[in-house]
Amino acid sequence: MKHIGTDQAVVTADAFDREPTAAELDAIEQEMPVIRAEVELLDAQIITLDHTPNELDTRRIRRARRKVLAARLAAANLTTMHIPGASA
């Protein structure tokens, strides 16, 4: 039996089989503070799932929410600074 297949890897390459581009890695790096802050908020919320939140849990969640908002604001400010034609 004769094997039938493609001779070029490019023909069968899937979009998911490639490595991230430098631009994609830069975008991820810029989003990392937001991602870390959201993970910290999620951790604080997970802690309260198995018991009634006490004052320390409430403060931890409130602090984590403020960090998320601050990280999102910083990311938004960085994004607007990089837009050509926008005044900084």
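Predicted model: local features only at pLDDT ≥ 70, side-chain atom pairs only at ≥ 80, totals over all residues.
A residue here is called buried when its relative accessible area is under 20%, exposed when over 50%, and partly exposed in between (1.4 Å probe, protein chains only). Residues are numbered from 1 along each chain as its sequence is written, and side-chain values use heavy atoms, with hydrogens and water left out.

**Overall layout**

- The chain has three helices and zero strands, running α-α-α from the N terminus on; helices (H or I, at least four residues) and strands (E, at least two) are DSSP runs, numbered from the N terminus.
- Take the contacts (heavy atoms within 4.5 Å) with a separation of 6 or more: 50% of them join residues 24 or more positions apart.

**Surface**

- Leu 42, Ile 46 and Leu 49 make a nonpolar patch on the surface, with about 330 Å² of accessible area together.
- To join a patch, residues need over 30% relative accessible area and no salt bridge; like charges are joined within 9 Å, and nonpolar side chains (Val, Leu, Ile, Met, Phe, Trp, Tyr) within 5 Å.
- Leu 49 sits in the loop between α2 (22-47) and α3, and counts as exposed because its relative accessibility is 70%.

**Salt bridges**

- The structure holds five salt bridges, each a side-chain nitrogen of Lys or Arg within 4 Å of a carboxyl oxygen of Asp or Glu.
- One of them pairs Glu 38 with Arg 72, with the closest N and O atoms 2.8 Å apart. That pair links distant parts of the chain, with Glu 38 in helix α2 and Arg 72 in helix α3, 34 residues apart.
- Another joins Glu 24 to Arg 18, at 3.0 Å between the closest N and O atoms. Glu 24 is partly exposed at 32%, and so is Arg 18 at 46%.

**Around Asp 57**

- Asp 57 lies in helix α3 (residues 55-81) and is buried, at 5% relative accessible area.
- Leaving out residues up to four places away in sequence, Asp 57 touches Ile 47, Thr 48, His 51 and Thr 52.
- The Asp 57 side chain also meets that of Arg 60 in a salt bridge (3.2 Å, N to O). These two are about one helical turn apart, because three residues separate them in helix α3.
- Arg 60 counts as partly exposed, at 29% relative accessibility.

Note on methods:
Areas by Shrake-Rupley, 256 points an atom, 1.4 Å probe, with all protein chains shown as cover.
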